[in-house]
Amino acid sequence: MVKKSLKKNAVLNIIRTTCGIIYPIITFPYASRILLPEGIGKVNFANSVISYFVLIAGLGIGTYGTREAAKIRENKIALSNLVKELFTINIISMAIAYLLLGISLFLVPKFQSYQTLLLISSITILFTTIGFDWVYSALEEYGYITLRTIIFQCISIVLLFLLVKTKEDYAAYLGIGVISSVGANVLNCIHLRKYIILKTGYKLQIKQHLKPIFVLFGMALVTSVYTMLDTTMLGFLADDTQVGYYSAATKLNKMVLGFVTAACAVLFPRLSLYAAKENKEEFRQLLNKSLAITMCFAIPATIGLSILSEPITLLFSGENYLPSVPVMRMMNPIIIIIALSNFIGIQCLIPLHKEKITLYSVCVGAGTNFILNIILIPHFGALGAATATLCAESSVTIFQLIAARKYINIAPIFKAVLEYIISSIFMGIAVYLCTQLNMTIVAKALLPIPIGIFVYACVLLILKNQTALYIIHYINNKIRNKK
């Protein structure tokens, strides 16, 4: 198998993530103004409920499959056998998920009024199962993943403007969201034949996969408690309007977080390969580079979004969502916190088969989030849910830093992080001064972004930051090669 370029993969994943950011930038301002906080709240409550059943159907196979397939991707027969074994398990778990969903629709009274929305959203369970995204990630086929994502997002944008016209069209908006997120998975089954041999005459060995899959499933399950439970508990303990405020705040937050982690997300398969081959030095160097790049984006993104929370909310959601501004500001620090825990838990520990540490950490986070949600949501609504999430994510990262200290060494990038903080302070001052100018809301929300980026980059170069110099060197080489 031809070795993929990590730089090219990172660029492709950034393009895909950028499109993932542009898509809600186009669609959410339109949908939020038409559907209002209540309609957005209904859709997001339904999606949060179905996300648990998607989790059951997924059964931790995504992470496990990516790790194991990355190790044997050069052996087509072994890879084919692995795919068939994991898909067999996936089909069984999907059937269980649908059975549990059917039971829940009859037994949970609140679900009765959401039945149509829940059924539409449940299509995600099937499409996720047949998507085989983990195979393409292991093979580092980011070109294909990026192209199909862009195509289906374009289709969804057209459908949105055609079908969502009034505040009663929230079901159509939900269906379009399903098409955007997992519609492209239909193509994956067809395209998979390029990499997989369908008939190998091999007896499936399923039992060997069950233990690690269930460990990763347990980790994903408890992680979901503090990543998805907020919206679900807001729906039960508050109302759809509070869910709408929370959704508006977290959507922008998650968009930025997705961009921050995009460049380094492609490193997981390569790190798994290095760990399997015991290439310790290459593994260590790649980890340090990953953490340096992640923090380079996470720190300024957190500061910038906090300063721009109000104008961005007014631009993308409208005046009806102004109560979500303090919610967003409370949530913004998790950009740094989650980026760091993602680095430790996913990129470092799982390739080293130390996923139990990650499991224990998310158990701590889940317990913290559940208890704080019960206490805070009835009194503070969306702001209470945001506070609970911030505390939960912080507890996860602190636990991981303590438990995984012998597997990671962040000392080599300490100087770089200090440079990021100094540069972000100067950037923050520039962004704040821009927001004080007498401009339209569009200008207040958008103009400070390129100015902030410019100031941040200039200060990094003045400080001779290695990551910034590396990026400049990479861009210059690309320009020279094109000439």
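## Helix α22

A residue counts as buried when its relative accessible area is under 20%, and as exposed when that area is over 50%. In this predicted model, the residues of helix α22 that are buried are Pro448, Gly452, Tyr456, Val459 and Leu460. Seen down the axis of α22, these buried residues fall within an arc of 100°, so they line one face of the helix. Ile453, Phe454 and Ile462 lie on the other side of α22 and are exposed. An α-helix has 3.6 residues a turn, so residues three or four places apart point the same way.

Helix α22 covers residues 448-462, which is 15 residues. Lysine 464 follows α22 and has a positive phi, near 55°.

## Aromatic pairs

Searching the whole structure gives 6 aromatic pairs. One of them joins phenylalanine 45 and tyrosine 114, with 4.8 Å centre to centre and 55° between the planes, a tilted arrangement. This pair links distant parts of the chain, 69 residues apart: phenylalanine 45 belongs to helix α1 (residues 6-58), and tyrosine 114 to the loop between α3 (76-107) and α4 (115-121). Both phenylalanine 45 and tyrosine 114 are buried.

Phenylalanine 111 and phenylalanine 236 make another tilted pair, at 6.3 Å centre to centre and 55° between the planes. Phenylalanine 111 counts as buried because its relative accessibility is 7%, whereas phenylalanine 236, at 42%, counts as partly exposed.

Phe45, Phe111, Tyr114 and Phe236 belong to one aromatic cluster. Lysine 110 places its charged end over the ring of phenylalanine 45, 5.5 Å from the ring centre. The charged end of lysine 110 also sits over the ring of phenylalanine 236, 6.0 Å from that centre.

## Nonpolar core

The largest nonpolar core has 121 residues, and the members that touch the most others are Ile125, Tyr173 and Tyr420. Helix α1 contributes the largest share of this core, with 16 residues.

Leaving aside residues up to four places away in sequence, tyrosine 173 touches Phe28, Ala31, Leu35, Ile40, Val43, Leu160 and Val164.

Terms used
Residues numbered from 1 in each chain as written. Predicted model: local features only at pLDDT ≥ 70, side-chain atom pairs only at ≥ 80, totals over all residues. Heavy atoms only, no water. Phe/Tyr/Trp six-rings, centres within 6.5 Å; stacked < 30°, edge-to-face > 60°. Helix = DSSP H or I, 4+ residues; strand = E, 2+ residues; numbered from the N terminus. Buried < 20%, exposed > 50% of the residue type's maximum accessible area, 1.4 Å probe, protein only. Lys NZ or Arg CZ within 6 Å of the ring centre and 35° of its normal. Core = buried A, V, L, I, M, F, W, Y, C linked by side-chain atoms within 4.5 Å. Contact = heavy atoms within 4.5 Å. Expected span 1.5 Å × (residues − 1). Arc of directions from axis to C-beta.
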